[in-house]
Amino acid sequence: MRNAIEVVNVSKSFGAIKAVDNVSFTVKEGEIFGFLGPNGAGKTTTMRMITGLIKPDSGVIRIFGVDILRDHIKAKQLMGILPEMSNAYIDLSAWDNLMLVGGLYGVPKKICEERGERLLKQFKLFDRRNQLVKGFSKGMKQRLLVCMALIHEPILLLLDEPTSGLDVESTILIREVLKKLNENGVTVFITTHNMDEASRLCERVAIMHHGKIIVTDTVDNVRDKTERFKILEVIFDKAADFTELASLSVNGDFNVSGERVRVVVEDVDSVVNRIVDYARNNSIRIISLNTLSPSLEEAFIKLTGS
Amino acid sequence: MSDSSSYYLNQFKRSLLIVKKNVKVYYSKGPVIIFGVVLPMFLFLAYFIGRNISLHEAFPGLLGMTVFFSSTSVGPTIAPWESRLKTLERLICSPISLWSIFLGDVLSSFLFGFLISLIPLILGLILEVAFINYFLIVGVLILGTMCFSAFSILLSAYPPSDMPSTIMMLTSLIRFPLIFISGVFAPLSALPSWGIILSSISPLTYFVDLTRVALGGGNYYPLYLDLIILAVVGVLFFIVAVSIHKHTILKRFS
Ligand SMILES: Nc1ncnc2c1ncn2[C@@H]1O[C@H](COP(=O)(O)OP(=O)(O)O)[C@@H](O)[C@H]1O
Ligand SMILES: [Mg+2]
């Protein structure tokens, strides 16, 4: 099996900000790969380097073996791209937008028209094809952008937060199409800060934080690892010196505000017993006790202590 | 066909798609119409009306002004508009090189300038301005419009603004002084020597001078020199514009 994307020791700084810091990962042909991380993690910058928009300061990126810096035209021809916060031409109709992009990828006119019709129907835009994009809702615009990314039938699809801020119907439609495309062999690279989306769609994910990749693994493994950890939240009836409880945290993450204490724990049972002992010894009462499941990124960020 | 010639052919075809897009999207924008059509018309009327000069004398200036303003009115607005409306990133993600994109921008600026400039040319023909060589005047029109169109995309290269109106203002700050030093309002031969030296830095000077050749005289420089300068300067404008855009374009995504 070929590698669809190879990212090797890639770094990129903007002035003093290290947006991407020595990142390496590989996306295999035929998989849906999720790229997760909180805002500002460096996902878009990484994506822009993969799509040949920004030159890395160092490192190598290959698309199906083609070095993006050596032959960007050839590499770009293989990719269907949906950039974050991009737009279609609002002064053109949906159809004209689609034909423009098809032409830019060198799709012959006849084939382009056939595909255009099929795609617009699939994305429920065919009836509005001759209207200017100006009048489209956000969801319709985004669906059109997905059509534009698919018009040359790319073998690799890269989408930067494709469903962020979108209506439910468009979101479901886009996810369904991605699944179907993947079944037909298209490799998908998707950036998201929504773990739920990643676990529905992806086989493997990488989690990025502060420009570094913290983990690359299957969704199941990531979930197993993170589900071992819980955030335990205890509220006592009065504030006291809680420093003794800090040792309960498995990663040193210990948070006190007033009567409320939060610790990251692995073995809930033993920790709860120790907290009950603590309360009894110090004659304070426990008002409430909760376990919160951290999101995947949260868990990993906490575990790495960053 | 060799690999590299088919590469260039494909890229050129994509430039033509850019032209088609620009025609549909940008030709009808307000600033383009105002700075490209309305402004040169008013400038000319202000200059022509109430003065005792023949159309024959005024024609090189009229044509020069129209060509210069119309061919520099589309080009500078494209890049700011594409950054503002967030269409640029999507465009650059497609398999088209930067020079093909800007070639498309130059060609669409050219087409606009050429079509608008046909108006005074045809008007001149109807009012029997006596050209001694019709091929020359059309050739000169094409060459000049190309040169100024290349100049027009240089105008938007720096600063990498996403405000079309700001760029149009800055552009006007450069365009107006050039109009006044280019022998538009008086033939070069009537200028003092410092005026000749000053005028030699403006490419419009050579265009107006060429128009005088086509009208049968009153030119200052020899024909071949005017032609070479316009062609070389046009190519230089294009190369410099693309290399500056290459550096500033990243600032257009945020
Ligand atoms: N063009 C740019 N100029 C300066 N800083 C940038 C630029 N693009 C991104 N950054 C910075 O790089 C970091 C990573 O940003 P980004 O890649 O957009 O993250 P994400 O997509 O994960 O939210 C942020 O700190 C951001 O401010
Ligand atoms: Mg982002």
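Is Thr44(A) buried or exposed, and at what relative accessibility? I looked this up first.

**Entry: ground rules.** I am working with a predicted model, in which local features need pLDDT of at least 70, side-chain atom pairs count only at pLDDT 80 or more, and totals for chains, interfaces and linings use all residues. Residues are numbered from 1 along each chain as its sequence is written, chains are lettered from A and ligands numbered from 1 in the order in which they are written, and side-chain values use heavy atoms, with hydrogens and water left out.

**Entry: Thr44(A) and the magnesium ion.** Thr44(A) counts as buried, at 16% relative accessibility. Buried means under 20% relative accessible area, exposed means over 50%, and partly exposed lies in between, with a 1.4 Å probe and protein chains only. I then looked at the magnesium ion, ligand 2, and found it coordinated by OG1 of Thr44(A) and OE of Glu84(A), at 2.0 to 2.7 Å. Thr44(A) is in helix H1 of chain A and Glu84(A) in the loop between strand E6 (79-82) and helix H3 (94-104) of chain A, so the pair ties together parts that are 40 residues apart in sequence. Donors here are N, O and S atoms within 2.8 Å of the metal (3.2 Å for Na, K and Ca); water is not among the atoms, so sites may look incomplete. Helices (H or I, at least four residues) and strands (E, at least two) are DSSP runs, numbered from the N terminus. Glu84(A) counts as partly exposed, at 27% relative accessibility.

**Entry: ligand 1.** I listed the residues around ligand 1 (a heavy atom within 4 Å). Among them are Phe14(A), Ile17(A), Pro38(A), Lys43(A) and Thr44(A). By class, this shell has five nonpolar, five polar and one charged residues. Nonpolar covers Ala, Val, Leu, Ile, Met, Phe, Trp, Tyr, Cys and Pro; charged covers Asp, Glu, Lys and Arg; the others, Gly among them, are polar. I checked distances to oxygen atoms of ligand 1, taking N or O pairs within 3.5 Å as polar contacts; within protein, one atom must be able to donate a hydrogen and the other to accept it, and residues adjacent in sequence count only if both atoms are side-chain atoms. A polar backbone atom of Ala41(A) is at 3.2 Å, a backbone N or O atom of Gly42(A) at 3.0 Å, and a side-chain N or O atom of Thr44(A) at 2.7 Å. Taken alone, ligand 1 exposes 560 Å², of which the protein buries 68%. Such areas come from the Shrake-Rupley method with a 1.4 Å probe; for residues, only the protein chains shown count as cover. H1(A) gives the largest share of the shell, three residues.

**Entry: strand E11(A).** Five of the seven residues of E11(A) (residues 230-236) are buried, so the strand is largely enclosed by the rest of the structure. E11(A) runs antiparallel to strand E13 (residues 260-265) of chain A, joined by six bridges; strands pair if DSSP finds at least two bridges between them. Glu233(A) has Arg262(A) as its bridge partner in E13(A). Six bridges also link E11(A) to strand E14 (residues 286-292) of chain A, again in the antiparallel sense. There Val234(A) stands opposite Leu289(A).

**Entry: chain B.** In helix H4 (residues 75-84) of chain B, nine of the 10 residues are buried, so the helix is largely enclosed by the rest of the structure. Trp81(B) is one of the buried residues.
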